[in-house]
Amino acid sequence: MLVQATAAHRRAQAQCDRGRFDLAHRGLLRALDLLDAAPPDAEARAVRVRVLMTLAVVEDETRGDGGPRLADARRLAEDLDDAALGFAVHNAAATRALRRGEHDAALVEFGVAEGLEASASRRDASILHLNRGNLALQRLDLGAARHDLERAVRLAEGSADDSLGSVAFMAAHNLGYLEHLRGNLPRALQLMDDAAALSAGTSLAISGLDRARVLIEAGLTDAADAVLAQAEQEFRRGRLTHERAETELARAECALLGERLGDARALAASARTRFARRGNDRWRRVAELTLLTADQADGRPPARLLAPARRLAAEFAAQDLELSARTAALVGCAALTALGRPDQARAWFAELDPISRTDPIGLKLQQRVVAAEISLAGQQEAAARSQVRSGLTELGRHQAQFGSLDLQTAGAVHGRRLVALDLRLALAGRRPAGLFNAVERGRAVSRRLTAVTPPADASEPALAELRQVTEALRALGDDPAERSTVLALRQRSAALYSQLNALSWRAVGAGEVVHAAPMATVAEQVAAQGKVLVSYVQVEGRWSAVVLGRGRPRVVDLPGDARTVELSRRAQADLDVLALGRVPAEVRRAVERSLARSLAALDAQLVRPLRLGDQALVVVPTGPTSTLPWTCLPSLRGRPVEVSPTATSWLAGTRGAAGTEPLRVAALAGPGLASAVDEVSEVATTWRPTAEATAATGGGATRSRLTTSLATATVVHVAAHGSHQRQSPLFSSLQLADGALFAYEVGAVAPHVVLSACELGQATTRPGDEALGWTRVLLALGSRCVVAGVSQVADDRAREVMVDYHRRLAGGDDAATALAGATEHGSVVPFVCFGSSWRAVPPRVRPAEPVGLALASR
């Protein structure tokens with residue numbers, strides 16, 4: 001019986017490691033039944049102590065009432081006078097106190113256990129250091145945490161006991177979480193991924209919860225929510241109510257950052273109820289704080305926020321939970337300010353700890369916003385502006401740690417309130433320089449960083465599989481008979497996106513931030529080029545623009561409203577329909593009328609009120625208009641238009657190095673386009689009098705040919721099927737002879753790239769006014785100018801426009817002027833010149849052999 005009971009206990013421990021506490025509970029009760037039938041000798045009682053301790057953990061997790069089981073284990077262990085058992089019981093008591101948020105009690109129990117460590121098994125000793133390291137993490141004592149966690153890893157890895165694999169995994173994973181608390185998110189993600197390799201037989205749900213917290217800090221709320229949803233299913237299956245409540249709380253944070261305030265309140269309230277039922281006051285308070293933050297964001301009257309904020313701040317402070325106490329106090333300070341009591345808010349704010357380097361970025365920026373609002377209430381506008389600028393600098397440093405474009409753009413979500421406050425201050429001042437500079441500060445945070453591509457050897461197997469899945473999906477199309485296969489392939493592609501993104505997230509940034517250019521510097525260059533620059537801004541539903549050129553800089557209020565974004569989407573949808581063949585004439589006429597109405601309305605809202613004259617135009621759009629078909633608007637047809645993410649990046653492009661190297665042009669035609677071969681052949685022929693130009697078609701139009709050309713040519717023009725992935729923009733692709741090339745894979749790029757069709761100028765706009773897509777990637781990697789379509793384009797019309805465009809470009813026009821001339825007449829085409837207009841420079845020396853490619857994309 002004793003042998004069977006011991007085996008049942010081991011199986012239950014393994015089920016706990018897998019997160020199946022429901023199964024473990026049945027096995028432990030069976031073990032107790034077997035022990036009841038065994039002789040009550042010392043060995044059997046020692047096994048009973050172990051079973052009761054594990055049962056206490058399981059019942060704590062599933063019911064919240066494991067205390068009586070642990071008390072029984074403690075009494076039995078005291079009767080046995082066994083130091084090893086005594087160590088295990090004190091360790092279990094410490095861990096239970098830790099789980100309940102009773103940190104002082106946990107420290108006492110860990111201290112007693114440590115005095116008995118010489119008698120403990122290697123497994124029990126490693127568990128002590130793992131759990132005490134976890135306590136140190138929660139108390140932000142990172143030095144003590146590292147010491148204990150590294151000790152746990154050494155003990156676990158040096159044992160022949162296979163059951164210690166889960167301890168090694170958890171300790172290594174927590175070392176990754178330590179890096180998260182230190183603010184080194186790329187390192188945290190790498191260590192967590194490495195730890196997962198040690199997790200054989202262990203549930204990844206709890207580690208997924210930690211990983212999601214890192215992703216939230218990075219601003220990747222969609223990715224975090226997907227991880228949390230999967231973890232929540234496993235916690236529900238294993239009846240882990242505490243972990244399920246933690247997951248709901250983390251999902252509430254995702255909803256808060258995504259401005260889904262109703263979801264945030266519902267999730268936080270559910271988590272609060274679960275914690276309260278378990279008697280876990282510490283976590284209940286955390287849930288209350290999240291709910292209070294959601295209430296504040298949702299416009300709850302500040303008078304109803306003040307008392308809860310004061311109470312929570314005091315309760316967190318009593319538990320030495322400084323970050324939570326400060327967060328609650330900031331809610332209270334903001335409420336006092338809104339109630340017209342800034343002196344009280346200022347006095348309370350002065351008692352708070354100053355911002356620390358290791359504070360979470362969200363807390364840092366919240367503290368800056370509250371400080372600025374208190375200053376504004378006291379008529380101290382200069383102090384408010386200083387707080388805003390300091391916060392944006394901190395956000396820039398936070399994002400500069402990332403080498404991944406995905407993380408760089410996502411991180412802007414944390415600065416949304418700060419940017420909105422900066423813009424609100426600037427709009428109130430009505431000074432063009434103030435508003436222009438505020439717009440640049442807000443937009444430049446993630447767009448001014450250097451991208452780092454992930455290691456090719458690490459990502460190539462997954463990329464190869466993703467290409468196969470993408471090709472299979474393309475071949476199956478919308479065949480109803482293959483619906484289940486298509487669903488499975490889409491699920492696999494989503495998993496591969498996640499895997500590849502995780503690799504890119506590990507890339508470490510250069511840590512350098514280029515500051516936004518001031519208006520005076522930009523205005524000087526605009527005047528020198530004889531152009532007009534318009535920087536659009538949308539704040540609290542109001543549309544405005546700063547205009548440089550044609551006289552003194554000025555701020556213009558615009559009639560844009562909520563319909564502006566919908567009109568843009570409608571215009572893009574109409575353009576997509578018109579690009580299709582075989583559309584009935586009556587339908588085509590109706591769509592053309594709809595498109596004309598949308599374009600005219602957009603023109604009236606965004607362009608005509610500016611009174612721009614006929615000069616060449618530089619547009620710096622706000623997020624909702626980043627992919628507007630600007631060149632199709634009635635006032636802008638035939639006018640050179642450059643669309644740049646920021647005025648700072650436009651200015652940098654205009655100062656790019658002049659073409660001192662031979663002009664090299666490359667054109668490439670992907671498969672499946674009837675006119676692509678003729679298009680790239682004509683493009684190459686157009687350039688040959690003044691440049692070395694090659695055309696790659698058929699089997700020669702490969703991924704490697706394109707990437708080589710991007711790295712070596714001056715002009716690259718792609719005529720190929722392409723797609724924009726809205727959920728995973730870095731996996732937007734170009735279809736070539738040997739499969740899809742993803743934006744994720746691109747390294748060095750040519751000064752000028754042309755993507756001649758198929759919506760590859762589109763981008764996904766994220767919270768924080770950040771857009772990500774093919775053009776964003778190419779510009780971030782160093783291309784000065786990208787011409788691409790923001791909607792689909794008919795093959796024959798694309799060929800006609802692109803050949804004319806290159807003829808004008810080769811003849812000496814800059815890119816924006818050439819595109820304006822090529823699209824001025826005939827049906828509208830949604831090609832846009834992104835970045836800074838590029839002009840060809842005749843080569844000084846002709847190369848001996850042709851190099852490069854020019855690409856047009858469908």
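1. In which helix is the place of Glu-440? Glu-440 lies in helix α23, which covers residues 432-447; helices here are DSSP runs of H or I with at least four residues, strands are E runs of at least two, and both are numbered from the N terminus. The residue has a relative accessible area of 0% and is therefore buried, a word that stands for under 20% relative accessible area, with exposed meaning over 50% and partly exposed in between (1.4 Å probe, protein chains only). Leaving aside residues up to four places away in sequence, Glu-440 touches Ala-516, Ala-517, Val-620, Thr-646, Ala-647 and Thr-648, where contact means heavy atoms within 4.5 Å.

2. On the basis of these notes, this is a predicted model, in which local features need pLDDT of at least 70 and side-chain atom pairs count only at pLDDT 80 or more, while totals for chains, interfaces and linings use all residues. Residues are numbered from 1 along each chain as its sequence is written, and side-chain values use heavy atoms, with hydrogens and water left out.

3. As to the chain overall, it has 34 helices and 16 strands, and 57% of its 858 residues count as buried. Among contacts with a separation of 6 or more, 73% are between residues 24 or more positions apart. The accessible surface comes to about 34,000 Å², and carbon and sulfur atoms contribute 50% of that, the areas being computed by the Shrake-Rupley method with a 1.4 Å probe and, for residues, with only the protein chains shown counting as cover.

4. The sheet deserves a careful look. It is open and mixed in its pairing, with 11 strands in the order β3-β2-β1-β4-β5-β16-β15-β12-β8-β6-β7; two strands pair if DSSP finds at least two bridges between them. Because β3 (554-558) and β7 (692-696) stand at the edges with a single partner strand each, one side of each has no neighbour in the sheet. From one strand to the next, the twist averages 20 degrees.

5. Helix α22 (residues 416-429) touches β1 (531-539) and β2, and its direction makes about 115 degrees with that of β1. Helix α34 (residues 815-823) touches β5 (641-643), β12 (752-755), β15 (785-789) and β16 (831-835), making about 175 degrees with the direction of β16. Axes are lines fitted to C-alpha atoms, for helices over the stretch in contact, and angles run from 0 to 180 degrees between N-to-C directions.

6. Strands β2 and β3 run antiparallel and are joined by 5 bridges, and Val-547 has Arg-554 of β3 as its bridge partner. Their hairpin has 5 residues between the strands, and there Gly-549 takes a positive phi near 105 degrees.

7. Helix α27 (residues 563-578) has 16 residues and reaches 22 Å from its first C-alpha to its last, close to the expected 22 Å, which is 1.5 Å times one less than the number of residues. Its buried residues include Thr-564, Leu-567, Asp-574 and Leu-578, and the cover over the buried residues of α27 includes β2 (542-548) and α28 (585-606).

8. Finally, the structure holds 0 disulfides, a disulfide being a pair of cysteine sulfur atoms within 2.5 Å. Cys-254 counts as buried because its relative accessibility is 1%, and Cys-632 counts as buried because its value is 3%.
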